[in-house]
Number of protein chains: 2
Amino acid sequence: MAKRISTKDKILNAAELLFAEHGYEQTSLRQITTAADVNLASVNYHFGSKKSLIQAVMARYLEVFMPALANQLSAVQVRPQLSTREVFDCFREPLRSLSQVRRGGPTIFMSLLGFAYAEIQGHLRRYILEHYGDIVQLLMAVLHQANPKLSPVDMFWRLHFVLGATVFTQVSGPALREIAAADFGEHLAADEVVDRLIPFLAGGVDAAPL
Amino acid sequence: MAKRISTKDKILNAAELLFAEHGYEQTSLRQITTAADVNLASVNYHFGSKKSLIQAVMARYLEVFMPALANQLSAVQVRPQLSTREVFDCFREPLRSLSQVRRGGPTIFMSLLGFAYAEIQGHLRRYILEHYGDIVQLLMAVLHQANPKLSPVDMFWRLHFVLGATVFTQVSGPALREIAAADFGEHLAADEVVDRLIPFLAGGVDAAPL
DNA sequence: CTAAATTTTAAACATGCGTTTTAATCTATA
DNA sequence: TATAGATTAAAACGCATGTTTAAAATTTAG
């Protein structure tokens with residue numbers, strides 16, 4: 001009774017797992033099509049190129065994540081007093097909602113985001129600004145509202161420091177969790193790393209500039 | 001009167017520039033040997049493999065940076081009251097001292113470090129721990145001294161958040177500086193980005209854990 | 001049911017990579 | 001200067017990649 005999965009979706013499902021684990025450049029079309037149990041040429045037939053496949057993989061998550069984030073930010077925007085911490089907490093629910101896309105979706109998305117920023121720097125930023133520019137601006141506005149003393153330039157840089165710490169944590173996450181488990185006996189799930197990350201980020205953004 | 005530059009050094013000089021700009025995987029031996037005006041086979045003759053070349057490039061900087069950092073940390077260690085900020089400031093002079101290695105050395109080193117961590121995660125960490133493990137431990141000790149309330153696990157994670165923000169900033173640095181210049185009219189040098197980064201990092205490390 | 005369109009398949013293509021080989025050339029020493 | 005050793009040079013090797021081709025199979029429509 002299970003509905004037949006289209007070749008296109010089989011490719012997307014296999015690709016996002018491999019991309020999230022090994023990155024984009026390190027994942028070959030042959031790995032993907034083998035894992036998807038699909039012919040090699042079908043990637044180019046359905047998506048045109050590897051680059052387009054990468055975009056399609058990211059798009060499937062951004063379509064869910066971005067509107068959910070916009071909702072959270074809008075809801076929080078009306079609050080009279082707003083802390084940086086509260087703004088970052090806006091990311092939690094949209095991230096969790098990615099479980100709808102697939103089991104383990106939140107972790108997969110974070111890894112994809114990390115690799116996307118690390119490997120294809122310009123492209124993703126351009127894509128996000130093009131498709132979700134208004135949401136990015138909303139985020140900037142809310143962050144400024146929470147931290148009015150910070151100049152726009154300072155906020156710009158700190159937002160990217162935040163992104164850097166987040167992205168790096170995700171990309172190096174598995175290795176670091178392993179080390180932490182070995183050295184401190186505490187084995188953390190990916191979500192718990194985020195729990196430790198958010199106070200750090202909020203503290204950084206709230207720091208006095210200079 | 002200029003002393004003849006050895007093939008080995010010509011390769012190192014060309015390689016570190018290309019690595020710093022495009023990363024390791026994205027830089028081919030042919031690009032390097034062409035830029036160095038040297039035969040393709042000479043890389044394998046002098047270094048054995050591309051991986052060994054990468055290591056040699058990093059080693060040349062670490063040999064200068066790490067002892068200088070150790071000096072700074074030792075000097076600061078004796079202070080009765082020590083702030084996180086002061087610990088991070090320990091990185092400034094060793095970083096600047098890399099100008100000795102070559103003009104623009106500080107920026108090159110930071111980029112190399114960024115790509116090294118982003119692309120060959122495990123290897124660099126292993127190399128540093130193996131060759132400079134004592135200095136890493138000194139850093140941990142001094143950081144703990146500055147922030148005794150933080151548990152070792154928390155410190156471990158925050159140190160890697162710091163690394164992430166730093167590394168990412170360096171890898172994406174050129175693109176971000178360009179955007180900042182276009183959007184805010186402020187063109188920052190790479191060093192000035194570090195000036196903005198350090199307060200952020202200190203604020204993050206000093207944040208109350210939850 | 002048949003014809004047209006879509007999709008799948010296997011094979012080859014073109015390219016770029018790190019590395020190896022083998023011979024030529026340079027360099028230092030006796 | 002003659003010779004042994006170190007270095008450079010050109011070419012090719014073996015392999016993996018993304019992509020294209022052209023025929024076969026399947027699905028869709030009339």
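**A two-chain model and its largest pocket**

The largest pocket holds about 1200 Å³ of space. This is a predicted model, so to speak a computed picture, in which local features need pLDDT of at least 70, side-chain atom pairs count only at pLDDT 80 or more, and totals for chains, interfaces and linings use all residues. Residues are numbered from 1 along each chain as its sequence is written, chains are lettered from A and ligands numbered from 1 in the order in which they are written, and side-chain values use heavy atoms, with hydrogens and water left out.

A pocket here is an open set of points on a 1 Å grid over the protein atoms alone, where a 1.4 Å probe fits and protein lies on both sides within 12 Å along at least five of seven lines; lining residues have an atom within 4 Å of a point. Volume is the space filled by probe spheres set on the points, which are joined across faces, edges and corners. The lining of the largest pocket takes 42 residues, and L69(B), F91(B), L113(B), L139(B) and L163(B) are the ones nearest its centre. Two or more lining residues come from each of helix 9 (152–184) of chain A and, in chain B, helix 4 (50–77), helix 6 (92–96), helix 7 (105–119), helix 8 (121–146), helix 9 and helix 11 (190–206). Helices are DSSP runs (H or I, at least four residues), numbered from the N terminus. Helix 8 of chain B gives the largest share of this lining, 9 residues. By type, the lining splits into 29 nonpolar, 7 polar and 6 charged residues. Nonpolar covers Ala, Val, Leu, Ile, Met, Phe, Trp, Tyr, Cys and Pro, charged covers Asp, Glu, Lys and Arg, and polar covers the others, Gly among them.

Now for how the chains meet.

A few single residues round out the picture. D154(B) sits in helix 9 (residues 152–171) of chain B and touches R196(A) and P209(B), leaving aside neighbours within four places in sequence. At 15% relative accessibility, D154(B) counts as buried (buried is under 20% relative accessible area, exposed over 50%, partly exposed in between, with a 1.4 Å probe and protein chains only). V87(B), in helix 5 (residues 84–89) of chain B, is buried too, at 0%. Most residues other than glycine have a negative phi. D37(A), though, has a positive phi near 55 degrees; D37(A) lies in the loop between helix 2 (29–36) and helix 3 (41–47) of chain A and is exposed at 63%.

How values were computed. Contact = heavy atoms within 4.5 Å.
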